[in-house]
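Me: Hi! Could you walk me through the charged pairs in this one?
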Amino acid sequence: MLYAFAFERVGVVLSDLYFRNPNPLHGQESPERGVRLELRVFESGELPGSIYSARPITIGRPLWRVDLLQDADAAPNTFDRTHHHPNIVGWEPGPRTFVEELTDEPLAWLAEKFTDISSLLREAGISPDEISAADAASLRAAAPEIVGTVRRVLERVWAGELGHPKIDVESGSATSIRAGWL
């Protein structure tokens, strides 16, 4: 399931995620699942027809990512694989960055990041010009709704409704190392 919160030039997308790391860190060889959230560039296209036509909307490149993941077989609320990627170059994330506060209280950590957009931008190496003051204010104002959505998606992952591998219908086995929108 994909959720999007779009503002003037940036927005947030989040999705459930199932991931089997092809190059896992020691002790993290098992699949992981949870929620991926990205701060992304959004572009609004010109109306392709009349003033009543639908407007094209493009969700562009990521600026920052957080993965609220845990071992797929772990008890809910474990967050043993939770990390973020403060540096993204083009479409590729930098290495996983593990932060104790993120693992201990991931939703509070996330809410704080959206409250202090300038620190998030500095940490991610994003030029302040890339995000307008209106976008920063909109992110701060929407933080409770975004974090609430993350909480609800996590609860659905823990309930077994989301965060599953893709399954080959004929063989009944997992076919992908990654399943989810993001």
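Reply: Happy to! A salt bridge here is a side-chain nitrogen of Lys or Arg within 4 Å of a carboxyl oxygen of Asp or Glu. This is a predicted model, where local features need pLDDT of at least 70, side-chain atom pairs count only at pLDDT 80 or more, and totals for chains, interfaces and linings use all residues. Residues are numbered from 1 along each chain as its sequence is written, and side-chain values use heavy atoms, with hydrogens and water left out.

Me: Great, how many salt bridges does the structure hold?
Reply: There are nine salt bridges.

Me: Which residue does Glu32 pair with?
Reply: Glu32 pairs with Arg96, with the closest N and O atoms 2.3 Å apart. Glu32 lies in strand 3 (residues 32-44) and Arg96 in the loop between strand 7 (92-93) and helix 1 (100-104), so the bridge ties together parts 64 residues apart in sequence. Helices (H or I, at least four residues) and strands (E, at least two) are DSSP runs numbered from the N terminus.

Me: Is Glu32 buried or exposed?
Reply: Glu32 is buried, at 1% relative accessibility, while Arg96 is partly exposed at 22%. Buried means under 20% relative accessible area, exposed over 50%, and partly exposed in between (1.4 Å probe, protein chains only).

Me: Switching topic, what does Asp80 bridge to?
Reply: Asp80 bridges to Arg81, with the closest N and O atoms 4.0 Å apart. Asp80 is partly exposed, at 34%. Shared partners join Glu32, Asp71, Asp80, Arg81 and Arg96 into one network.

Me: And how far apart are Arg81 and Asp71?
Reply: Their salt bridge spans 3.4 Å, N to O.
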